[in-house]
Amino acid sequence: MRYDAVVIGAGPGGSSAARSLAQKGLKVLLIERKTLPRFKLCAGCLSARTSTLLPEGWRKKVLNTIRGGILGFKGGLETHLRAKDDIAFIVDRRDFDLFLVEKALEEGVDLLQEEEFLTFQEERGSYRVVTNRRTIICDFLVGADGVHSKVARLLGYRKRKLFRSVEFFLESYGGDEVRIDIGFVKRGYGWVFPKGEGASVGMATAEKEDLMKTFLEYSSYITERVPQKVLGWHIPYAEGWDDVSLGKERVLLVGDAAGLVDPLLGEGIYYAIKSGQLAGRAVVESPSHPSTLYRELLRSTVDDLIYAGKIARLAYRFQKTAFRMGSLGGLDLFYMLLRGEESYRSLYRKGWKKFIKSLFVA
Ligand SMILES: Cc1cc2nc3c(=O)[nH]c(=O)nc-3n(C[C@H](O)[C@H](O)[C@H](O)COP(=O)(O)OP(=O)(O)OC[C@H]3O[C@@H](n4cnc5c(N)ncnc54)[C@H](O)[C@@H]3O)c2cc1C
C-alpha cells in the first residue's frame, strides 16, 4: 500500500490534517485504532474562535451555545457576567469528531479504523508505517495520536507537562452559561459546562494532589447527586517552546500529540484543528522540509501560549487575586479572547503586570 501521507489518529487534529492534505491533492490515509464514532472524555467546549476553522455544517453539531459565565472562588464568592455575543459552543465529542472525519472523507481521504499504529522506519527516502494489520509506504507521516502519542515517542520526545482531569455527566442541568471554580485545587479549576439537557462536571490540576478527594467535595457543592461513572484522563499543556514537540523532517505532530494545549484553560480542540490544518499547509508548501515551515507557521500560536503560561502561573498562585481580577472586568477580556478578539499576549500586557505590581505595592 502506498500513500503520499499517512495520518495516525482520527481526533480533531488528525481529521483536520487529513482533510487539509487531501484538499491540496495528496493521497491520504487516516488510521484510527477505535471504532468510529468513538468516545472521547472531554467537556466538548469549543471557543467561539474555533468556528472560523470549521467546515460547513458544524452548527448542526452544537448542543448548547454559551452566552455567559460564572466564576466562583472556593465555593463561596461568585461573579456572574453575561456576554454580548456567543463565546463558546458545546458539542458531543463522538458526534463532532465523526463529523470532522466525514468531512475529510468527502475530500477523498481513505480511512482504516480498528487498526493500531505500531511503528515506523525511514526507508530509502520514504516511511514504512506498520500497523497491527499491514505495512504502508508513505512520504509524510502525521502523528495525531493524542496525549500519549506513540509517534512522538518514536521520534524521541519524552517529557510532557500534564493536567490530570476527572469528569462525570450530570443528567439534568441545561442553561447557556459555563461555570468555572478556582480555589479548590492548586493549579487548575473545577467546571460545569452545560451539555444538552445535562452538564459535564469536571476538575483538572497540574499539581500532585488528591484530585479525586477534592473533586468529590467539589461535586457535592455543585449537586446533591452522587457522581456516577467518574472518568479520568490526561491533558498535556505547553507554556513554551520546550513543551511542544512538533516533529522532525517529514514527520509532523499535531494537537495533543504535539502538546498544543492552553496551560490556563486546558483548551485543546482549537489548537488540534489549527495545527492539523497548518501541518497540511507545511507539507504542501515545503515538501522537502515541512517540519521547519510547520514550526514557523505555529510560531505566533506557541508564542501566545507562553503568555497563557505566564497568566496561568500568576492566576493559580494568587487565586483570590485572579478571582478579583475576573470580577473587575477580566471576564469580559476573556470572552474577547474566546471570540478571537484578544490574544493572551495582549491580555497579559493589559491586565496582569499592572495588577501584580499594585498587589506588591499594597
Ligand atoms: C476531561 C477532559 C476535558 C476536556 N475538555 C475540553 C474542552 O472542553 N475543550 C477543549 O478544547 N479541550 C478539552 N479537552 C482537551 C481535548 O479533549 C484535547 O485537547 C483534544 O481531544 C485533542 O485532539 P487530538 O486530535 O489531538 O487528540 P484526540 O482527540 O485524543 O485523538 C487522538 C486519536 O488517536 C487515536 N490513537 C491513539 N493512538 C493510536 C494508535 N496507536 N493507532 C491508531 N490510532 C490511535 C485515538 O484513539 C484518538 O481517536 C479536554 C480533555 C479532557 C481529558
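Is Lys 74 buried or exposed in this structure? Hi everyone, let's start there. Lys 74 counts as exposed, at 56% relative accessibility. For that word, exposed means over 50% relative accessible area, buried means under 20%, and partly exposed lies in between, using a 1.4 Å probe and protein chains only.

Before we go on, a word on the model. It is a predicted one, where local features need pLDDT of at least 70 and side-chain atom pairs count only at pLDDT 80 or more, while totals for chains, interfaces and linings use all residues. Residues are numbered from 1 along each chain as its sequence is written, and side-chain values use heavy atoms, with hydrogens and water left out.

Back to our lysine. You'll find Lys 74 in the loop between β5 (68-73) and β6 (77-82). Helices here are DSSP runs of H or I with at least four residues, strands are runs of E with at least two, and both are numbered from the N terminus. The phi angle of Lys 74 is near 50°, a positive value in a residue that is not glycine. Lys 229 also has a positive phi, about 50°, without being a glycine. Lys 229 sits in the loop between α4 (211-222) and β16, and is exposed, with a relative accessible area of 74%.

Now the ligand. Which residues come nearest to it? Of the 37 residues around the ligand, those are Gly 13, Glu 32, Arg 38, Cys 45 and Asp 256. A residue counts as near if one of its heavy atoms lies within 4 Å.

Let's look at some oxygen atoms of the ligand. One is 2.6 Å from an N or O atom in the side chain of Glu 32. For Arg 38, a side-chain N or O atom is 2.8 Å from a ligand oxygen. Gly 13 uses its backbone instead, with an N or O atom 2.9 Å from an oxygen of the ligand. Taken alone, the ligand exposes 1,000 Å², and the protein buries 96% of that. Those areas come from the Shrake-Rupley method with a 1.4 Å probe; for residues, only the protein chains shown count as cover.

Who builds the shell around the ligand? At least two residues each come from α1 (12-23), β14 (188-195), β16 (231-236) and α5 (269-285). Domain 1 (2-60 + 91-158 + 240-306) and domain 2 (64-90 + 161-236) each give at least three residues to the shell; the domain bounds come from an automatic or database assignment.

On to the cysteines. How many disulfides does the structure hold? The number is 0, where a disulfide would be a pair of cysteine sulfur atoms within 2.5 Å. For Cys 42, the nearest cysteine sulfur belongs to Cys 45 and is 8.7 Å away. Cys 42 counts as buried at 19% relative accessibility, and Cys 138 is buried too, at 0%.

Two last stops. The peptide bond from Leu 36 to Pro 37 is cis, with omega near 0°, and Pro 37 is in the loop between β2 (28-31) and β3 (45-47). In strand β2 itself you can find Leu 30, which is buried with a relative accessible area of 0%. The C-alpha atoms of Leu 30 and Ala 18 are separated by 6.6 Å, although the two residues are 12 apart along the chain.

Terms used:
A polar contact is a pair of N or O atoms within 3.5 Å; within protein, one must be able to donate a hydrogen and the other to accept it, and residues adjacent in sequence count only if both atoms are side-chain atoms.
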